[in-house]
Amino acid sequence: MVRKTIDMSRLDKLKIDGEVANYLVQWDSTLLLTAYDQNRTFILTIDGEQLLIRERLKDVLSRFAQANLIYEYEMEVHFAKVGCQTRGYVAGHHRLVPTCGSSNEQVIYYMVHLMEDASELESDKRVEMIMNGREGDKYHIQIATSERTFRRIVSAADEVAKEQLSLFEYWMYRLCCS
């Protein structure tokens with residue numbers, strides 16, 4: 001079992017395992033992603049690989065949403081309904097959420113369903129997430145956000161997921177039992 005700490009505020013100092021022209025972010029193979037610079041996106045995979053994609057974060061997220069049939073207008077409605085302007089990508093139990101608003105240059109998107117725990121770092125008011133990698137590996141990811149903001153966004157994504165699953169159950173009942 002690997003236990004690795006990654007400080008996202010030192011992104012430019014991290015060892016990059018490779019740079020690729022194309023990579024499809026998937027629910028169960030990606031732990032997090034963020035802009036590395038204007039034209040490249042940093043990805044941390046479930047295997048612990050630290051990759052750069054030669055594509056803007058906005059474009060990577062757009063392809064992810066398209067591949068998973070997640071529509072911006074639906075997310076806008078769902079997140080507005082739970083009172084949160086900061087929107088993620090939610091498909092039932094799967095949740096890719098940002099640490100802050102998408103216009104913030106420091107935004108990091110991470111897979112909540114792969115997160116085991118999170119807590120505030122007392123020393124500097126950042127948050128440390130424990131993400132589950134493959135075969136029991138643990139990644140301690142330190143991010144620059146307040147615990148309050150972090151919890152608010154995760155809670156909103158949880159509420160959206162709960163609403164989606166409730167709607168799914170309703171339609172399954174209607175299809176099966178009417």
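The legends below describe close-up views of a predicted model. Residues are numbered from 1 along each chain as its sequence is written, and side-chain values use heavy atoms, with hydrogens and water left out. Local features need pLDDT of at least 70 and side-chain atom pairs count only at pLDDT 80 or more, while totals for chains, interfaces and linings use all residues.

**View 1. The largest nonpolar core.** This core has 53 residues. A nonpolar core is a set of buried Ala, Val, Leu, Ile, Met, Phe, Trp, Tyr and Cys residues joined through side-chain atoms within 4.5 Å; buried means under 20% relative accessible area, exposed over 50% and partly exposed in between (1.4 Å probe, protein chains only). Tyr 110, Met 129 and Ile 141 have the most contacts inside the core. Helix H3 (residues 147–177) gives the largest share, seven residues. Helices (H or I, at least four residues) and strands (E, at least two) are DSSP runs, numbered from the N terminus.

**View 2. The surroundings of Tyr 110.** Beyond its neighbours within four places in sequence, Tyr 110 is in contact (heavy atoms within 4.5 Å) with residues including Leu 31, Arg 95, Pro 98, Met 129 and Phe 150.

**View 3. Aromatic pairs.** The structure holds five such pairs. Rings of Phe, Tyr and Trp (its six-membered ring) pair if their centres lie within 6.5 Å; planes under 30 degrees apart count as stacked, over 60 as edge-to-face and the rest as tilted. Trp 27 and Phe 64 are edge-to-face, because their ring centres are 4.7 Å apart and their planes stand at 75°. Trp 27 is buried at 11% relative accessibility, and Phe 64 is buried at 1%. Tyr 71 and Tyr 73 are stacked, with centres 5.8 Å apart and planes at 20°. Tyr 71 is partly exposed at 37%, whereas Tyr 73 is exposed at 55%. Trp 27, Phe 64, Tyr 89 and Tyr 109 form one aromatic cluster.

**View 4. The largest pocket.** Its volume is about 840 Å³. A pocket is found on a 1 Å grid over the protein atoms alone, as an open set of points where a 1.4 Å probe fits, with protein on both sides within 12 Å along at least five of seven lines; lining residues have an atom within 4 Å of a point. The volume is the space filled by probe spheres set on the points, which are joined across faces, edges and corners. Of 29 lining residues, Leu 57, Lys 58, Leu 61, Ser 102 and Tyr 109 are the closest to the centre. H1 supplies the largest share of the lining, six residues.
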